[in-house]
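Reader: I am new to reading protein models. Could you take me through one part slowly, then show me what surrounds it?

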Amino acid sequence: MSISGMFPIAGPPSTAAASSGIDVLPLEYINIDPSSGFSKLEPDAMGYEVAHNAGTGVTTFTMDALDPGNAKYSFTGTGAEYPRSSKLLVDSAGTTMTTADSFIMNVRLSLYDNTVPANADLRMGVGLCLDPTATTTGAFDGYGVTLRTVSGSRKGGIVKMDSSSGSMSTMSAAGNTVVFGQIVRSARKNPIVLAYGETSGQMPSNSYVDSTSTVELAATTNWSLWVAVTIATTSGTINASETFAVKMDYQIVRLS
């Protein structure tokens, strides 16, 4: 008997067998259009209107007049009365994400212009939360990647709002042409939220911030995608019809 007859030669490994394990797909970026399919909430005087350019993916925010600023319009106050738009968070296959899922939410903020309200230190953000209609920070139960627009400089940052008050960190480096962020979710907990920037294709020095949280959130609850515009704690005024523009995209990478 030939050796090959005694010891059958193995063929290439089965594709089906090799594919078992973590399914990270789908990975497509989803452009965020707050003008379509989102519910807008303006709990108090601060407000905006949005217009979306489907060709470029850029959203323009036109602000209502606001004078004076107030801590309740800030990410970091105990109140959460800033304007925001929200809808259920889904992956690119249209599946709603819940607190039972482990995944990475990638956020990309780009193509922002240099026209911003002259006297307001705006912080806008994109992220996920459990209660997008909450008017107290502790009930919001959310995390996000932020962009600071003051004086035309662009600084990325992060925010977490899962206790009695919010906390926010902003990059030290300005002039970022793109801000990237990751919100990493294990089931019911938040291992890390991270943001960093790029300028001319390179990551500037001292241009990243991160944070973690051990707060355990409600089980098997739907996540909402949120977009919000806030101001610095107590300062800043906004004239009617002042604008700023930004392209907002997100991506879901399933870990389990």
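This is a predicted model: local features need pLDDT of at least 70, side-chain atom pairs count only at pLDDT 80 or more; totals for chains, interfaces and linings use all residues.

In which helix does Gly-138 lie?

Author: Gly-138 lies in helix α3, which covers residues 137-140. Buried would need a value under 20%, and exposed one over 50%.

Now look along the chain. Gly-79 is 59 residues away from Gly-138 in sequence.

Next, the cores. The largest nonpolar core has 44 residues. Leu-89, Met-105, Leu-109, Met-124 and Val-126 have the most contacts inside this core. Several strands each supply at least two of its residues, among them β4 (58-63), β6 (103-110), β7 (122-129) and β8 (142-148). The top contributor is β15, with five residues. A second core is separate and has ten residues. Phe-75, Cys-129, Ala-134 and Phe-140 are included in this second core. In soluble globular proteins, nonpolar side chains tend to be buried together.

Take Met-105 as an example from the largest core. Leaving out residues up to four places away in sequence, Met-105 touches residues including Leu-89, Val-126, Ile-183, Leu-225 and Ile-252. Gly-127, Gly-181 and Tyr-250 are also among the residues it touches.

Then there is a sheet. Seven strands form it, in the order β2-β5-β14-β7-β8-β9-β10. The sheet is open, and the pairing is antiparallel. Strands β2 (39-41) and β10 (167-170) stand at the edges. Each has a single partner strand, so one side of each is left without a neighbour in the sheet. From one strand to the next, the twist averages 20°.

Three bridges join β2 to β5, residues 84-88, and the two run antiparallel. Ser-39 has Ser-86 in β5 as its bridge partner.

Last, how far does the predictor trust this picture? The mean pLDDT of the chain is 84. Of its residues, 85% reach 70 or more. Confidence is highest in β5, at 98. It is lowest in helix α2, residues 15-18, with a mean of 45. Over residues 1-20 the pLDDT is below 50. Beyond near neighbours in sequence, that stretch has one contact in the model.

Technical notes
Residues are numbered from 1 along each chain as its sequence is written. Side-chain values use heavy atoms; hydrogens and water are left out. A nonpolar core is a set of buried Ala, Val, Leu, Ile, Met, Phe, Trp, Tyr and Cys residues joined through side-chain atoms within 4.5 Å. Buried means under 20% relative accessible area, exposed over 50%, partly exposed in between (1.4 Å probe, protein chains only). Helices (H or I, at least four residues) and strands (E, at least two) are DSSP runs, numbered from the N terminus. Contact means heavy atoms within 4.5 Å. Two strands pair if DSSP finds at least two bridges between them. Axes are lines fitted to C-alpha atoms, for helices over the stretch in contact, and angles run from 0 to 180 degrees between N-to-C directions. pLDDT is the predictor's confidence in each residue, from 0 to 100.
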